[in-house]
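Thanks for asking me to look through this one. My notes follow as numbered points, with the conventions given where they are needed.

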Amino acid sequence: MIRLLVVDDSAFARYAISRLVSADKGIEILGFARDGVEAIEKTKELKPDVITLDVEMPRMNGIETLERIMDEAPTPVVMVSSLTGEGTAHTIRALEIGAVDFFLKASSANPVGSPATQDKLTTKIRTAATIARKGLRRQCVRMPLPSRPRKMGRTNHDSVRKVVVIASSTGGPGALYQVVPMLPEDLPAAVVLVQHMPPGFTRSLAERLDELSQISVMEASAGAHLATGQALLAPGGYHLLFEPGGVVRLNQDPPVVGLRPAADVTMPSLARLFGRDTIGAVLTGMGSDGTRGSIAIKEAGGRIVAQDEETCVVYGMPRSVAEAQVVDHVVPLNEIAATITRLCRE
């Protein structure tokens with residue numbers, strides 16, 4: 001039985017979430033909190049397995065609350081967010097701090113949305129409950145970032161000879177914060193990121209990664225080009241592909257393995273263009289996305305790096321790639337960037 005603490009300043013939202021979750025016989029509502037101050041008290045008192053945490057609350061907002069929880073009583077947290085400029089930025093910040101995932105409120109009048117959306121919330125709660133608390137502490141570790149010069153004129157569109165494509169899902173934003181900023185400004189490759197996220201959130205993630213990183217990071221747009229020293233992030237709701245010359249093409253074809261964007265679309269597209277000069281990296285996440293893509297990269301002569309089980313929030317995608325026997329290097333999260341850099345320079 002998963003014991004859940006629901007934190008939201010809206011009485012109606014608390015009711016809607018509890019009514020939905022109570023229909024799942026494997027989840028028990030342990031208690032409610034109306035704001036961050038109360039949430040911290042009840043987390044320590046009730047010791048829930050999972051917390052759903054509203055982003056915008058009085059007295060203490062979701063970000064401050066999450067920081068306190070991760071410092072004082074690390075617990076898997078699923079953020080409950082609204083699709084607004086402020087809401088998306090706060091959600092991205094929460095994932096950086098250590099939130100496991102987030103659920104998008106449909107509206108204030110119908111917080112849990114349609115039946116399909118409701119299933120996503122219970123799935124996220126169940127996934128969060130499987131995460132070890134030591135993993136949460138690890139996600140909160142702040143790696144020292146190198147001094148970062150301003151990135152004016154450092155990208156090069158004319159000499160892309162190698163490409164790195166990184167796939168991630170649940171726990172991925174936290175992992176990307178520990179990988180992308182550690183890639184050096186003179187990395188001799190273009191970088192492509194496929195993180196499973198809905199529309200509206202990938203731009204905020206790209207902007208935050210750009211602030212932290214030595215290479216430039218931006219959300220991919222149709223007609224843009226790959227560039228050495230630059231990372232392009234697949235936009236939420238679109239598959240990301242590349243045409244000759246490294247030109248970006250986006251489409252809204254049906255989801256692949258239930259996902260759009262899917263790494264299994266992007267990876268083969270890059271393998272066709274770059275062959276043996278393609279490096280794939282598969283990080284934490286549920287499911288098997290990245291497996292077919294990694295096979296395509298290996299068949300083209302490229303190489304595959306996978307995050308190890310010990311440092312994954314969810315050891316799903318890396319496990320699937322490892323079971324396909326196409327992985328060249330299995331390394332902990334804090335060695336992913338160095339491994340990618342070494343492979344790019346070989």
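At what angle do helix 2 and helix 3 pack, and how far apart are their axes? The answer is in point 2, after a word on conventions.

1. **Ground rules.** This is a predicted model, in which local features need pLDDT of at least 70 and side-chain atom pairs count only at pLDDT 80 or more, while totals for chains, interfaces and linings use all residues. Residues are numbered from 1 along each chain as its sequence is written, and side-chain values use heavy atoms, with hydrogens and water left out. Helices (H or I, at least four residues) and strands (E, at least two) are DSSP runs numbered from the N terminus.

2. **The helix 2 and helix 3 pair.** Helix 2 (residues 36-46) packs on helix 3 (residues 62-72) at about 20°, and the axes are 9 Å apart. Here the axes are lines fitted to C-alpha atoms over the stretch in contact, and angles run from 0 to 180 degrees between N-to-C directions. The two helices are therefore roughly parallel; that label covers angles under 35 degrees, with over 145 roughly antiparallel, 65 to 115 roughly perpendicular and the rest oblique. Their crossing is right-handed, a term used when the near helix is turned clockwise from the far one by less than a right angle, left-handed being anticlockwise.

3. **Who meets whom.** From helix 2, Gly36, Ala39, Ile40, Thr43 and Lys44 meet Thr65, Arg68, Ile69 and Glu72 of helix 3. Sorted by class, this contact has 3 nonpolar, 3 polar and 3 charged residues. Nonpolar means Ala, Val, Leu, Ile, Met, Phe, Trp, Tyr, Cys and Pro; charged means Asp, Glu, Lys and Arg; the others, Gly among them, are polar. Contact means heavy atoms within 4.5 Å.

4. **Thr43.** Is Thr43 buried or exposed? Thr43 counts as buried because its relative accessibility is 3% (buried is under 20% relative accessible area, exposed over 50%, partly exposed in between, with a 1.4 Å probe and protein chains only). Its side chain reaches the backbone oxygen of Ala39 at 2.7 Å; a polar contact is a pair of N or O atoms within 3.5 Å, where within protein one must be able to donate a hydrogen and the other to accept it, and residues adjacent in sequence count only if both atoms are side-chain atoms. Not counting residues up to four places away in sequence, Thr43 touches Leu5, Pro48, Ile51, Ile69, Ala73 and Thr75.

5. **Glu38.** This charged residue is also in helix 2. Its relative accessible area is 13%, so Glu38 is classed as buried. Outside four places in sequence, Glu38 is in contact with Phe32, Ala33 and Arg59.

6. Most residues other than glycine have a negative phi, and most peptide bonds are trans. Gln325 has a positive phi of about 60° and sits in the loop between helix 11 and strand 14 (329-331). At 74% relative accessibility, Gln325 is exposed.

7. **Helices 7 and 10.** In helix 7 (residues 172-179), 8 of its 8 residues are buried. The buried residues of helix 10 (residues 291-299) are Thr291, Gly293, Ser294, Ala296 and Ile297. They pack against strand 6 (163-168), helix 9 (263-274), strand 12 (278-282), strand 13 (303-307) and helix 11 (317-323). Just after helix 10, Gly301 takes a positive phi of about 100°.

8. **Ser82.** Ser82 belongs to the loop between strand 4 (77-81) and helix 4 (85-97) and is partly exposed, at 24% relative accessible area. Beyond four places in sequence, Ser82 is in contact with Glu56, Gly87, Thr88, Leu104 and Phe201.

9. **The whole chain.** The protein chain has 12 helices and 14 strands, and 57% of its 346 residues count as buried. Among contacts between residues at least 6 apart in sequence, 73% join residues at least 24 apart.
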